Amino acid sequence: LRALGFTVEGKSLIEFKSIKIKELPRTEWVFFSSRHAVKFFFSQKPQLGEVKFGCIGTSTSAELRAFGKRADFIGQSTDTKLVGKQFASKAGNARVLFPMARGSMQSVQQQILRKENVFNLEVYATIRHSQLVDDNFEVLVFTSPSNVEAFFEKNTVSEKRSCVAMGEATGKALEKLGVRNYQLPRTFDDLGLLQAVLAVSA
């Protein structure tokens, strides 16, 4: 984006805190909905047997590779419900562990019909740090529902500003706060984000 003449600034409105794993259910699959879930799960060196790994998208699978693991399923859409349905079809009747954030929306879990096969495991918590953001920025990129909530505690979105929401859950969080006009990237990666920013800047 900078190479194209954009002024880019990152604001950290949230931080993450590890939650200790007390008990690890035995499952056939482990599914990660974010790279943070991967990081906070494997940083605790869990003892896993023979399992398959699923990831919501390419950036999450890249984080998984950083821990020496390979994804057996990688979502190819920013529609988390669609990814959930595709993963549910792939996993079949297998038991699935979901390392996740406290307060997760559980969009993928909701697509699995046999709820007794879903095992949620909170491995990190999101802590909001709200701050005022300069009104001069014309494009706002939100990476999670928590980022949306933290931003709106002290800021608003004026008509001159355009929004990009990374994922359907983030878009829903914007809608709840009155923002209807936003762009969803086609993919959960840098190229998808670049295309979305260019689209709202045109």
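Analyst: Val30 touches Phe41, Leu48, Val51, Lys52, Phe53, Gly54, Leu97 and Pro99, leaving aside residues up to four places away in sequence, where contact means heavy atoms within 4.5 Å. This is a predicted model, in which local features need pLDDT of at least 70 and side-chain atom pairs count only at pLDDT 80 or more, while totals for chains, interfaces and linings use all residues. Residues are numbered from 1 along each chain as its sequence is written, and side-chain values use heavy atoms, with hydrogens and water left out.

User: Is Leu48 buried, partly exposed or exposed?

Analyst: Leu48 is found in the loop between helix H1 (35-42) and strand S3 (52-55), helices (H or I, at least four residues) and strands (E, at least two) being DSSP runs numbered from the N terminus. Buried means under 20% relative accessible area and exposed over 50%, with partly exposed in between (1.4 Å probe, protein chains only). Because its relative accessibility is 29%, Leu48 counts as partly exposed.

User: What kind of aromatic pair do Phe41 and Phe42 form?

Analyst: Rings of Phe, Tyr and Trp (its six-membered ring) pair if their centres lie within 6.5 Å, and planes under 30 degrees apart count as stacked, over 60 as edge-to-face and the rest as tilted; by this rule the count comes to 16 aromatic pairs. For Phe41 and Phe42 the centres are 5.1 Å apart and the planes stand at 80 degrees, which makes the pair edge-to-face.

User: Why does the pair of Phe42 and Phe67 count as stacked, and how many residues apart are the two?

Analyst: The ring centres of Phe42 and Phe67 are 5.5 Å apart and their planes are at 25 degrees, so the pair is stacked. Phe42 lies in helix H1 and Phe67 in the loop between helix H2 (58-66) and strand S4 (73-74), so that the pair links distant parts of the chain, and the separation is 25 residues.
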